Amino acid sequence: MSMKKYWLMKSEPHVYPWGQLLEDGSTHWDGVRNYQARNIMRDEMKIGDLVLFYHSNCKPPHVAGVARVCKEGYSDHTAQDPKSKYFDEKASPENPRWIMVDIEPIETLQNVTLPDMRANPALEGMPLLQKGQRLSVQPVSLEHFEIVCKMGK
């Protein structure tokens, strides 16, 4: 029996906002083109893992809600679609190269802003708050996950 893990996934609100996930009920997390993030989705994210849904590239950046992984890693079809902005000519059905997972919404949080998280000493060491951290999918400790959720209640 594997232990539940916790993650943070970044989405720009003009691309795919939290409200859209609530409306859709679930979505595939496509378009990730970073090998480290891909490896997390391929190798580590499991059904039932919880996700902080983070709005990036907005003012202020913030955690908008909690989601759950509802389908484990599988081939990102956008990599093989020449019309997609995520097309990768090296991707094929035999070697998909890029992976995605599906997530579903669990709970809306009152926007937990990046400045508020930075101001909370209990979140020290959280990868999101480290300088130069640009990864779109990143691990979160249970302790940090619980603190962020409490901040958003």
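Reply: Happy to; what follows is a set of questions about labels, each answered by setting a value against its definition. This is a predicted model, where local features need pLDDT of at least 70, side-chain atom pairs count only at pLDDT 80 or more, and totals for chains, interfaces and linings use all residues. Residues are numbered from 1 along each chain as its sequence is written, and side-chain values use heavy atoms, with hydrogens and water left out.

Me: Why is Asn-57 called exposed?

Reply: Its relative accessible area is 56%. Exposed means over 50%, buried under 20%, and partly exposed in between (1.4 Å probe, protein chains only). Asn-57 is therefore exposed, at 56%.

Me: What is the phi of Asn-57, and where does the residue lie?

Reply: Asn-57 has a positive phi of about 55 degrees although it is not a glycine. Most residues other than glycine have a negative phi. Asn-57 sits in the loop between β3 and β4; strands are DSSP runs of E with at least two residues, helices are runs of H or I with at least four, and both are numbered from the N terminus.

Me: What makes the peptide bond from Lys-59 to Pro-60 worth a remark?

Reply: That bond is cis, with omega near -15 degrees. Most peptide bonds are trans. Pro-60 is also placed in the loop between β3 (50–55) and β4 (62–75).

Me: Why is Arg-97 called partly exposed?

Reply: Because its relative accessible area is 21%, Arg-97 counts as partly exposed. This residue lies in the loop between β4 and β5 (99–113), and has a positive phi of about 65 degrees without being a glycine.

Me: How do you know that Ser-136 touches Met-9?

Reply: Contact means heavy atoms within 4.5 Å. Leaving aside residues up to four places away in sequence, Ser-136 touches Leu-8, Met-9, Lys-10, Val-32 and Ala-37. Ser-136 and Met-9 are 127 residues apart in sequence, with 5.6 Å from C-alpha to C-alpha. Ser-136 is in the loop between α3 (114–118) and β6 (137–140).

Me: How do you know that there are zero disulfides?

Reply: A disulfide is a pair of cysteine sulfur atoms within 2.5 Å, and a search of the whole structure finds zero. Cys-58 is in none; the nearest cysteine sulfur, that of Cys-149, is 18 Å away. For Cys-149, the closest cysteine sulfur is in Cys-70, at 18 Å, so it is too far for a bond.

Me: Is Cys-149 buried or exposed?

Reply: Cys-149 has a relative accessible area of 10%, so it is buried.
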